[in-house]
Amino acid sequence: MNTVRKFRWFWSWNDIAEEKWLQKMSAQGLHLKEIENPCFYIFEKGEPQNYVYKLDYRLNSAMFAHVGWYALADKSAPQKSDEQEYFQLFQDAGWNYVGEGRGWQYFRQSERKGQNQELYTDQASKRAKYRRQIFFQLAIMALVAVLTLPQAFSPDPTVASPISITAVAALVILFALPLIPLGLRLQKLKAQI
Amino acid sequence: MTTKQINKYLPLTESSAYILLTLDKPLHGYGVMQRVAALSKETVSIGAGTLYTAFSNLEKQKLIEKAGQEGRRKLYVLTDFGRSVLAEHIRITEILVNNAKELGIFNS
């Protein structure tokens, strides 16, 4: 096999570190091929390349297919026209689409020294990207909370099992705590204007 | 179209002003990126994410509208309202630029 599978934990505020990590991997000849949600990365072995990786936060139909909601989005179905337009625009701008992980869309292109290789070139759209991320994180958090909280805090000890209490702890660590660095970053972007 | 409605969108950001400027005739995203780079003498570059976000915002605000399709690429064009907003933005900017010239503080 000419591929390598790696595990890496992705904190939701770490998109920039993720971009740098993938760039470093490509410099060693390991090029991202696919992400198996949530935390496995499939790399293809090849010649070392100077690739720049950029992440954009946007939900797409392939993502729903990943989590098995085929009723919402059939992977074989043609992309919606908005989605087509989105990927076409990035392709025209020289970005090769690599794949999707946890709502993040991964793009790469060869490094061009001295040129602007950012997906977001103004503060307003950069803020909008992180606002989308926080919004969806809150939405998932609310959903998980509705499903787990009633059991965890039930007066009936047979319902408040260690499992449901663990679920609440996971909810706090995975979704609630990351909101602090995410919120601080939005604040910092505002201050830069 | 009242002045109040127009002022709601002013001042335009530099990227929005340039995007509107290139859409006097129907154009797709790739064309906008190229024209902005050329018109601004490479002083303004618009990333793909920023442009996609701008298209959807400007369309929601009715400053631009869809004008057909070229293959997979959608074409956009200024609306009359968008034209008025851009014209007002240019008028205000011109006053600023002329003031700077008349004061001569940047002549060396």
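What share of the contacts in chain B with a separation of 6 or more comes from residues 24 or more positions apart? The figure is 55%, where two residues are in contact if their C-beta atoms, placed from the backbone, lie within 7 Å.

Some housekeeping. This is a predicted model, in which local features need pLDDT of at least 70 and side-chain atom pairs count only at pLDDT 80 or more, while totals for chains, interfaces and linings use all residues. Residues are numbered from 1 along each chain as its sequence is written, and chains are lettered from A and ligands numbered from 1 in the order in which they are written.

Now chain B overall. Chain B has 5 helices and 3 strands, taken as DSSP runs numbered from the N terminus (helices are H or I, at least four residues; strands are E, at least two). Starting at the N terminus, the order is α-α-β-α-α-β-β-α. Along the principal axes, the C-alpha atoms of chain B fill a box of roughly 50 × 35 × 20 Å. Of its 108 residues, 30% count as buried, that is, with 20 or more other C-beta atoms within 10 Å of their own.

Next, helix packing. Helix α2(B), residues 14–22, and helix α5(B), residues 80–103, have axes that come within 10 Å and cross at roughly 125°. Axes here are lines fitted to C-alpha atoms, for helices over the stretch in contact, and angles run from 0 to 180 degrees between N-to-C directions. On the α2(B) side the contact is made by Ala17(B), Leu20(B) and Leu21(B), and on the α5(B) side by Gly82(B), Leu86(B) and His89(B).

α2(B) also packs on α4(B), at about 70° with the axes 11 Å apart, so this pair is roughly perpendicular. Ser15(B), Ser16(B) and Ile19(B) of α2(B) meet Thr50(B), Ala54(B) and Leu58(B) of α4(B).

Last, the other chain. The contact between the chains takes 18 residues from chain B and 20 from chain A. On the chain B side, α3 (29–39), α4 (48–60) and β3 (73–78) each supply at least two residues. Which element gives the most? That is α4(B), with 7 residues. By class, the chain B side divides into 7 nonpolar, 8 polar and 3 charged residues. Ala, Val, Leu, Ile, Met, Phe, Trp, Tyr, Cys and Pro count as nonpolar, Asp, Glu, Lys and Arg as charged, and the others, Gly among them, as polar.

Key
Parallel < 35°, antiparallel > 145°, perpendicular 65-115°, else oblique. Buried ≥ 20, exposed ≤ 12 C-beta atoms within 10 Å, placed from the backbone.
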